Amino acid sequence: MTARPPGPVVRVTPRRQNGDMPTLETTPKIRARMSKQRSHDTSIEITLRRILHAAGFRYRVHRKPLKGMRREADILFGPARIAVFVDGCFWHGCPEHATWPKNNAGFWREKIEKNRARDLDTDARLAAAGWLSVRVWEHESAVEAAERIAALVRERRPGPGRSTAEAATEYTARLVAG
Ligand SMILES: [Zn+2]
């Protein structure tokens, strides 16, 4: 996590639409990325966390919600039992940005389908344990995602009260002010 805010713009747009897809070249960088499968601390994730924090919510970052399940949530609200996953549009097969690579199509399709199946399985296991899985696409607006999450956390555990809209405005003003 960098100390520097991601920038003055809170609305986050997809970083890669096309032409920038990873290829099957097995460079160390690509391998590392594939093994990780989830890019931690993407700009939406950081912005989302800052807005929620500014709104008074407290959470844990990159934790496993369930013991024995080797899956890490990006943002975890323990008492409310909410696990937030910020899913990369490419790796998790976002319906809006599903730019399936043409080279080695079978390989990538299998890879992405496997991730999707794993996501569904994670959600089901969490639900069975009384948790709510909230999925946020990398391309989503951080403000809207924060509002959605805040409402769910409040619903499941009445807590701190500032509105996320107010917190987002303050956050943006602070960034602009430097
Ligand atoms: Zn997307």
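1. Helices (H or I, at least four residues) and strands (E, at least two) are DSSP runs, numbered from the N terminus. The buried residues of α4 are A142, V143, A145, A146, I149, A150 and V153. Seen down the helix axis, these buried residues fall within an arc of 155 degrees, so they line one face of α4. The arc is taken over the directions from the helix axis to the C-beta atoms. An α-helix has 3.6 residues a turn, so residues three or four places apart point the same way.

2. A word on the model. It is predicted, and local features need pLDDT of at least 70, side-chain atom pairs count only at pLDDT 80 or more, while totals for chains, interfaces and linings use all residues. Residues are numbered from 1 along each chain as its sequence is written.

3. The protein chain has five helices and four strands, in the pattern α-α-β-β-β-α-β-α-α along the sequence. Of its 178 residues, 28% count as buried. Two residues are in contact if their C-beta atoms, placed from the backbone, lie within 7 Å. Among contacts between residues at least 6 apart in sequence, 72% join residues at least 24 apart.

4. The four strands form an open sheet in the order β1-β2-β3-β4, with mixed pairing. β1 (60–63) and β4 stand at the edges with a single partner strand each, so one side of each has no neighbour in the sheet. From one strand to the next, the twist averages 30 degrees. Axes here are lines fitted to C-alpha atoms, for helices over the stretch in contact, and angles run from 0 to 180 degrees between N-to-C directions.

5. Strands of a sheet pair through backbone hydrogen bonds, either parallel or antiparallel. Two strands count as paired if DSSP finds at least two bridges between them. β1 and β2 are antiparallel, with three bridges, and V61 has I75 in β2 as its bridge partner. β2 and β3 are also joined by three bridges and run antiparallel; here I75 is partnered by V84 in β3. β3 and β4 run parallel and are joined by six bridges, with S133 in β4 as the partner of A83.

6. Four residues lie between the strands in the hairpin of β2 and β3, where R81 takes a positive phi near 55 degrees. Four of the five residues of β2 are buried, so this strand is largely enclosed by the rest of the structure.

7. α4 lies across β2, β3 and β4, running at about 170 degrees to β4. It has 15 residues and reaches 21 Å from its first C-alpha to its last, close to the 21 Å expected at 1.5 Å a residue. The expected span is 1.5 Å times one less than the number of residues.

8. The largest nonpolar core has 29 residues, and L48, I51, L52, V84, A146 and I149 have the most contacts inside it. Such a core is a set of buried Ala, Val, Leu, Ile, Met, Phe, Trp, Tyr and Cys residues joined through C-beta atoms within 7 Å. The elements giving two or more residues to this core are α2 (43–54), β2 (73–77), β3 (82–87), β4 (132–137), α4 (142–156) and α5 (164–177). α4 gives the most, with seven residues.

9. α2 is mostly covered, with nine of its twelve residues buried. Among them are L48, I51 and L52, along with E45, R49 and R50. Leaving aside neighbours within four places in sequence, L52 is in contact with F57, Y59, A146, I149 and A150. G56, which follows α2, has a positive phi near 100 degrees.

10. Two single residues can be set side by side. V86 lies in strand β3 and counts as buried because it has 26 C-beta neighbours inside 10 Å. V86 and R135 are 49 residues apart in sequence and 6.0 Å apart in space, C-alpha to C-alpha. A129 is in the loop between α3 (105–128) and β4, and counts as exposed because it has 12 C-beta neighbours inside 10 Å. A129 and L66 are 63 residues apart in sequence and 8.2 Å apart in space, C-alpha to C-alpha.

Methods
A residue is buried if 20 or more other C-beta atoms lie within 10 Å of its own, exposed if 12 or fewer, and partly exposed in between; C-beta atoms are placed from the backbone.
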